Structures are given as C-alpha cells and as structure tokens.
Amino acid sequence: MARPVKKAPETWRKEILEAAKTLFLTKGYQETSVADIMKLAGGAKGLFYSFFPSKEELMCVLGEQLFLENNPFWAVQGREDLTALEKVREVMRADRADQERNRLSRQAVSILRDPAILMAAVDANRRILTPLWRELLEEGQRDGSIQTRYARELSELLPLLDFWLLPSVFPATAGELRQKYRFAAEVLAQMGLPILEGEVSDFVEGVLADIAPEEKEEKE
C-alpha cells in the first residue's frame, strides 16, 4: 500500500481554505460542517484545528484572502487616465463585480453576532482598508476631484459603514436599513464624497433587502 503523501503546513492550509470556499459557495456556510471541509480537503477533522480555531474564524480568513487576491484598490493605482474620485468609483464597481466574495460576505452576516469575530473583522477592515482609502482620498484632495477636509476621518469611517448597516450588529428592519443607507449617502456627499449613488445605490439596497428578512426570521 502506498504511503500517504505528506504536505507542508502551508499547503494544507491553502487546500482547507479552497475546500471551504467550494462548499460555502455550493452548499452554503450554515450547511457546511468542519467534517465536510476536511473530507473534501482530504485530511482528518482534527487537522482543521491546527490552522483555524473555528469555522467562523476560517470564514473571516477566507474573506480577507479573497479581497487581497483581487484587491480593486491595487488595480487603479498608477492609472493616469482617472481622477481620484473616478478611481474610487472604479474600486466600488470592481468590488460589486466580485460575485464570489459578495456571496460569501452575505453568508457571513450571522457570524458577526459573536463579539470576538466582529472585533476581528473590524480590525481587519481597519488594518487593510483604511490606508487604501486614505491614499485615494488624499490623492483626490491633491487633484481637486474630492473636495473634503476630512481625508483621514473618512478613511477611518468608510470601513466601518459595512458593520453599521448590518442588522446582526445594529438590529434594523428593511425600511430602517434603507433609511440608514440614504443617510450615509447624504453625509458622504456633504463631505465631498458622492459615491453612494446610481448603480452603487441600487446594488447596496438590493443587498440590504436580502439580509434584512433573513435577520428578522432568525430573531423570531
């Protein structure tokens, strides 16, 4: 009998993440167990916990990995044909087009009820997104396309808006979520950042409509 092939830890970690992504996208996060993930990855269930404390933690790592693999901020760096405001809008367009990550993000809404998971997600957004937003906003101040005195403050605020609009973090009905989104759009426009409008608005309001009924049903 052939001896099993040994794999480097980083190889196992990568294959576990890939198996989880496949299952989350086909079966759904809630319907996928750790045993399911390891069966697809081809390893013992106990091996999972050598890399991830829980399925929830794996989901957070997977979301961060998918963003970094297809980072829309990097795609617009150095483009001289766009103003900074146009780059911001292109970043948001590319983010909307990332269907796999958007599907996984919607599935992850419920796990953010866990304070530890929420704190880790907030920290990841602050660590990764805030510097990227600040770079673009300060570029917009220089080229005149973004009329704001608050580049630093907005770069810290923008990564937090996603959490503020989640009913698992701040309970709200579908109508209340739409009102909060419109409030955020108006505030950002007043701060010189008119980006939550048009196709973006249609997309976000569609997402809010999807997640609000789900959250309401789970509370009943």
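A charge is taken to sit over a ring if NZ of Lys or CZ of Arg is within 6 Å of the ring centre and within 35 degrees of the ring normal. By this criterion, Lys55 lies over the face of Tyr29, at 4.1 Å from the ring centre. Likewise, the charged end of Lys7 sits over the ring of Trp12, 4.4 Å from its centre. The model is predicted, so local features need pLDDT of at least 70 and side-chain atom pairs count only at pLDDT 80 or more, while totals for chains, interfaces and linings use all residues. Residues are numbered from 1 along each chain as its sequence is written, and side-chain values use heavy atoms, with hydrogens and water left out.

Turning to the overall fold, the protein chain comprises 11 helices and zero strands (DSSP runs numbered from the N terminus, with H or I over at least four residues for helices and E over at least two for strands). Buried residues account for 43% of the 220 residues in the chain; here buried means under 20% relative accessible area, exposed over 50%, and partly exposed in between, using a 1.4 Å probe and protein chains only. With contact defined as heavy atoms within 4.5 Å, 65% of the contacts between residues at least 6 apart in sequence join residues at least 24 apart.

After α2 comes Gly42, whose phi is positive, near 85°.

Five aromatic pairs are present in the structure. Rings of Phe, Tyr and Trp (its six-membered ring) pair if their centres lie within 6.5 Å, with planes under 30 degrees apart counted as stacked, over 60 as edge-to-face and the rest as tilted. Phe24 and Tyr29 have ring centres 5.1 Å apart and planes at 65°, so this pair is edge-to-face. Phe24 is buried at 1% relative accessibility, and Tyr29 is buried at 2%. Phe73 and Trp133 also form an edge-to-face pair, because their centres are 5.1 Å apart and their planes are at 85°. Phe73 belongs to helix α5 (residues 72-76) and Trp133 to helix α8 (residues 115-143), so the pair ties together parts that are 60 residues apart in sequence. Both Phe73 and Trp133 are buried. Elsewhere, Phe48, Tyr49 and Phe52 form one aromatic cluster.

What about the charged side chains? The whole structure holds 14 salt bridges, each a side-chain nitrogen of Lys or Arg within 4 Å of a carboxyl oxygen of Asp or Glu. One of them joins Arg101 and Asp98, with the closest N and O atoms 3.4 Å apart. Arg101 is found in helix α7 (residues 99-107) and is buried, at a relative accessible area of 12%; Asp98 is buried at 13%. Not counting residues up to four places away in sequence, Arg101 touches Gly63, Leu66, Phe67 and Asp95. In helix α6 (residues 84-97), Glu90 and Arg93 lie three residues apart, about one turn of the helix, and their side chains meet in a salt bridge (2.8 Å, N to O). Glu90 is partly exposed at 23%, as is Arg93 at 39%. Finally, a network of salt bridges links Glu64, Asp123, Arg126 and Arg127.
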